[in-house]
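Please keep the sequence and the model in view while going through the points below.

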Amino acid sequence: YWGFSKDRDFFYYHYYGINIRNKSYFKENFSYFFYVYSPKTSVEILMNNNKLKLVDGWTGYDSTNYSLLTEKLGKKRVESFNADIKNSRQTKEHEYICSELELLIDFLKQKEIIPILITVPCYKYYTVNLDSNILESNLQYINKLKEKYNLVYLNSLNDTSFNASDFYNNDHLNKYGAEKYSKKLESMINQNK
């Protein structure tokens, strides 16, 4: 439902060699600090004297922020996303994103890369508040993509093996949860070969 993020586009290009937009990224290559990272991340980099660990350009959260991991904030986050989704559908951004996703799938298949659709785990206070109509609409689209492109879909949204200590907030894993999910994802991918 959302457009591409310029900083994410750059990291996909810089670290993985994927330049789907055929951009030069001259400014971004010149200075990540000024042209890629958000002001908050740039300040964190300055203040941490290189203690902030970046993996392929990304920062991660070391722990759970329990003040953000509440039922009230989970519901509020879902309400915010629902408003964004409604706006995305009204402005036709959703159609554009679906078109871009299919272009990406075609691009990957041409490069002999097998795309796999995934849904990452979210905490229960988030998932319990998700709109069932939106979930159903998403699943219908995923099934269309699976059939059209012969794809595998791995859904971990409600995976109960993840607990509060694996999350930073309601819809983001922390570093340890991300490592746990990466290992689980690798296992699921190997099972689906």
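Which residues form a nonpolar patch on the surface? The model is a predicted one, and in it the patch is formed by I114, I116, I118 and V120, which together have about 340 Å² of accessible area. A search of the whole structure finds seven salt bridges and zero disulfides. The points below are grouped by topic.

**Nonpolar surface patch**

- V120, one of the residues of the patch, is located in the loop between β1 (116-119) and α7 (124-127).
- V120 counts as partly exposed because its relative accessibility is 36%.

**Salt bridges**

- Among the seven salt bridges found in the whole structure is the one in which the side chains of E95 and K92 meet, at 3.5 Å from N to O.
- E95 has a relative accessible area of 49% and is therefore partly exposed.
- A further salt bridge joins K184 to D159, with 2.7 Å between the closest N and O atoms.
- This pair links distant parts of the chain, since K184 belongs to helix α9 (residues 175-191) and D159 to the loop between β2 (152-155) and β3 (167-169), 25 residues apart.
- D166 counts as buried, at 7% relative accessibility, while K180 is partly exposed, with a relative accessible area of 30%.

**Cysteines**

- Why does the search of the whole structure find zero disulfides? The sulfur of C98 has its closest cysteine sulfur in C122, 19 Å away, which is too far for a bond.
- A disulfide is a covalent bond that joins the sulfur atoms of two cysteines.
- C98 is buried, with a relative accessible area of 13%, and C122 is buried, with a relative accessible area of 13%.

- Is E102 buried or exposed? At 12% relative accessibility, E102 counts as buried.
- E102 is part of helix α6 (residues 93-110).
- The side chain of E102 makes a polar contact of 2.7 Å with the side chain of K148.
- When residues up to four places away in sequence are not counted, E102 touches Y141, K144, L145, K148 and Y149.

- F33 lies in helix α3 (residues 32-35) and counts as partly exposed at 28% relative accessibility.
- With its neighbours within four places in sequence left aside, F33 is in contact with S42 and L46.
- The C-alpha atoms of F33 and V43 are separated by 9.2 Å, and these residues are 10 residues apart along the chain.
- S137 lies in helix α8 (residues 132-149) and is partly exposed, with a relative accessible area of 29%.
- With its neighbours within four places in sequence left aside, S137 is in contact with Y1 and R89.

**Positive phi values**

- Most residues other than glycine have a negative phi.
- What is the phi of Y25? Phi of Y25 is near 55°, a positive value in a residue other than glycine.
- Y25 is placed in the loop between α1 (6-16) and α2 (26-30), and at 3% relative accessibility Y25 counts as buried.
- Phi of E112 is near 60°, which is likewise a positive value in a residue other than glycine.
- E112 is placed in the loop between α6 and β1, and at 74% relative accessibility E112 counts as exposed.

Technical notes. Residues are numbered from 1 along each chain as its sequence is written. This is a predicted model: local features need pLDDT of at least 70, side-chain atom pairs count only at pLDDT 80 or more; totals for chains, interfaces and linings use all residues. Side-chain values use heavy atoms; hydrogens and water are left out. Patches are made of residues with over 30% relative accessible area and no salt bridge: like charges are joined within 9 Å, nonpolar side chains (Val, Leu, Ile, Met, Phe, Trp, Tyr) within 5 Å. Accessible areas come from the Shrake-Rupley method with a 1.4 Å probe; for residues, only the protein chains shown count as cover. A salt bridge is a side-chain nitrogen of Lys or Arg within 4 Å of a carboxyl oxygen of Asp or Glu. Helices (H or I, at least four residues) and strands (E, at least two) are DSSP runs, numbered from the N terminus. Buried means under 20% relative accessible area, exposed over 50%, partly exposed in between (1.4 Å probe, protein chains only). A polar contact is a pair of N or O atoms within 3.5 Å; within protein, one must be able to donate a hydrogen and the other to accept it, and residues adjacent in sequence count only if both atoms are side-chain atoms. Contact means heavy atoms within 4.5 Å. A disulfide is a pair of cysteine sulfur atoms within 2.5 Å.
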